[in-house]
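Thanks, everyone. I'd like to walk through one model with you. Please have a look at it first.

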Amino acid sequence: MAVQVIAKAKAAAWAIGLSLVTAVPVQADGLRHVMADAYRHSNLLEQNRYLLRIQDEGVAQAVAQLRPIISFVATMSRDVINNTSNASASLVLEYLVYDGGARRFGVEAAEETVLATREQLISLEQQVLLDAVTAYMNVWRDMQIVGVRERNVRVITQQLRAAQDRFEVGEDTRTDVAQAEAQLATARSQLAAAQGALDISRELFNLAVGRYPNGLSGPGSLPNVPRTEAAAQALARQEHPAIRALQHEVTAAELGIEQARAGVRPQIALEGRATEVFENTANPFAEGTSGTIGVTLTQPIYRGGQLLSLERQSRAQAAAIRSSLNQQVRLNLQAVGNAWAGMEIANAQIQAADQRIEAAELAFRGVQEEASLGARTTLDVLDAEQDVLDARISRIQAQTDLYLSCYQLLAASGLLTVEHLHLNVPEYDPAAYANLFSNAPSRVNSPQGQQLDSMLERIGRD
């Protein structure tokens, strides 16, 4: 009889296992696939790519300041008293020959700002990928917890039926049945809460990834992280994109100081003008042509303290960014410490949870056997089942925390990027747009300008 029961139990276990396998979609989401989708569908990344293009245009505008300005000027006037008309057409060339280096410093500052914005884009990429990991692990955790809760409801339902059967034959009291009913109601409530938490996690998944999960195949193996906390801290100090972005911002601010200093230096401007004059004294028109070339020297003497104020303002800006850089280093080191501690805690909790599950299951089987002999009550069995449930849920939570801590450590070290993780997704090239106008091309008869127009048209269609 016992052999038949065992055989039936094994057959039921195989059936449950096969049903779980067939329930998982063929294209169930893996963690790396979800991260790639989050990168591909992120509106935040797309928004900040456009913001980067704005800074790229700032470089083009700064480069344009180094070049001459050519203008066509046409004027016309009429003397209503003498009944005469005057008209002129001029071609004007203006070129600032020397300005103390202000424009050159402006170009270099704009370039540093672009480099800082590119690093900020990488920082945002890390956040997008970390959000995707968090969303994935939350859904995975909640799915596991729902499964455990469902199993708990089934087990307690069986315990309730057994208590009712024993009550009918006089082996249990009405109190035993009521305790099982109360425990079943609690289990159903906890199952409903777990299902609600899963629904919430699915919505957060949709926000982070751009779609709902298609069933999860599991997070896979743990990512490769720095071997020691010190190695992670070194990366956080030097290689983190937020650090590199602020370093470029400091350089741009220092160039801003030099640009402000150049404001007190003289400026030399060259102007050339070719003018065609049409004068109508009687009739017909009389014509005249003139051409002039001039050089203008401008030396600021007094502007009410404006120039010195601009320099002081630039110095304060640079000092503020340096302080921000120092603070970011501290924040990165704190993030590394938190993630490293989280990994150690999660590993210890997983080991403890494994031992707890083994002991709780052994105790549950023993209590069940003793209850069948009348040495234990129904409440004892329910309490033992609750211990098993709590142990399994703590194991699920600890495993989730371990994965999250590993990826948080990668983010704190500056390694949570598409490039470092080798995700199967086309990587965005932040320099492609800027390279089209590194020399500030004109829209007129310029191959680079035509390429830029084509890119802008594609962007507009997208």
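Which residues does P219 touch, not counting residues up to four places away in sequence? They are L31, Y136, M137, W140 and Y403. Touching, or contact, means heavy atoms within 4.5 Å.

Two notes on the source. This is a predicted model: local features need pLDDT of at least 70, side-chain atom pairs count only at pLDDT 80 or more, and totals for chains, interfaces and linings use all residues. Residues are numbered from 1 along each chain as its sequence is written, and side-chain values use heavy atoms, with hydrogens and water left out.

Back to P219. It sits in the loop between β4 (216-218) and α6 (229-238). Helices (H or I, at least four residues) and strands (E, at least two) are DSSP runs, numbered from the N terminus. P219 has a relative accessible area of 12%, so it counts as buried. Buried means under 20% relative accessible area, exposed over 50%, partly exposed in between, with a 1.4 Å probe and protein chains only. Take W140 from the contact list. In sequence, W140 and P219 are 79 residues apart; C-alpha to C-alpha, they are 8.2 Å apart.

Next, the core. The largest nonpolar core has 60 residues. Such a core is a set of buried Ala, Val, Leu, Ile, Met, Phe, Trp, Tyr and Cys residues joined through side-chain atoms within 4.5 Å. M35, L129, Y407 and L416 have the most contacts inside it. Two or more residues come from each of α2 (31-41), α3 (43-64), α4 (102-168), α5 (174-209), α9 (378-413) and α10 (418-421). Which helix gives the most to this core? α4, with 22 residues.

Look at M35. Leaving aside neighbours within four places in sequence, M35 contacts L129, A132, V133, Y407, L416, L421 and L423.

Now the strands. β2 (residues 69-79) and β3 pair in the antiparallel sense, over 11 bridges. Pairing requires at least two DSSP bridges between two strands. A74 has A89 in β3 as its bridge partner. The hairpin of β2 and β3 has four residues between the strands, and there N83 takes a positive phi near 60°.

Last, L297 in strand β6. Buried or exposed? L297 counts as exposed, because its relative accessibility is 60%.
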